[in-house]
Amino acid sequence: MDWFPLWNSLRIAALSTVIVFFSGILAAHFIARLPPLLKGGLDVFLTLPLVLPPTVIGWLLLMLLGPRHPLGRLALEAFDLKLVMTWWSAVFATATVTFPLMYRTARGAFEAFDEDLAHAARTLGLSNPYIFWHIRLPCCRQGILAGTVLTFARALGEYGATSMVAGYTPGRTATISTTVYQLWQIGADAQAFFWVMVNLILSAAILLVVNLLERPRKGVSHVSPR
């Protein structure tokens, strides 16, 4: 049994989740503090990948990263580096598709944060970076962790944008989703069913983790400066 599609899917999902985790949190923290009109405009732009068809996202990425287009041509000429049709090309696709999940979840968590805690911390002389890392993030950790797990799950099952940007090459770019499609095309239903079950088991396990993270915490948490 060739387990490459599973390994490749896991590393693509993990890398894109790390990228989206930090970029989504920083974007949510910054945008949540902007004036309503500006926040609304940026929110629409950053959330677009959530409603666009994955194939449209894949086409836009090809127009940007393809060897005959701006970034792709620059990378190829300057570094002899292809930005499409490699396994890590899928990281661009999955990060773009899953970014809104992390961003929206983190923004919701930040907007629900009690700002009185931050004001009280400032009166004690604590800096804004300290407040962000030691007060704001810990208080919002439940929503952020749930968003992180959902991001990983979505990245694990991404097909449309991934297939356009990375293609399907056994042992090089194949993922669980693209493998299922290819096996179905050639009539290998038993093998396709196997990978479908692998995906179902992984997805069910991830949803179980999300449900555990969303359980209400007992008691009232508080933060005291050292």
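Thr148 is buried, with a relative accessible area of 17%; buried means under 20% relative accessible area, exposed over 50%, and partly exposed in between, using a 1.4 Å probe and protein chains only. The model is predicted, so local features need pLDDT of at least 70 and side-chain atom pairs count only at pLDDT 80 or more, while totals for chains, interfaces and linings use all residues. Residues are numbered from 1 along each chain as its sequence is written, and side-chain values use heavy atoms, with hydrogens and water left out.

Thr148 belongs to helix α8, residues 141-156. Helices are DSSP runs of H or I with at least four residues, numbered from the N terminus. Apart from neighbours within four places in sequence, Thr148 is in contact (heavy atoms within 4.5 Å) with Thr17, Phe21 and Met102.

Helix α6 covers residues 115-123, and at its start a side-chain oxygen of Asp114 comes within 3.0 Å of the backbone nitrogen of Asp116. After α6 comes Gly125, which has a positive phi, near 90°.

The whole structure holds zero disulfides, a disulfide being a pair of cysteine sulfur atoms within 2.5 Å. Cys139 is in none, as its nearest cysteine sulfur, that of Cys140, is 6.4 Å away. That distance is too far for a bond.

| Residue | Relative accessible area | Class |
|---|---|---|
| Cys139 | 25% | partly exposed |
| Cys140 | 4% | buried |

Note on methods:
Helices (H or I, at least four residues) and strands (E, at least two) are DSSP runs, numbered from the N terminus. A polar contact is a pair of N or O atoms within 3.5 Å; within protein, one must be able to donate a hydrogen and the other to accept it, and residues adjacent in sequence count only if both atoms are side-chain atoms.
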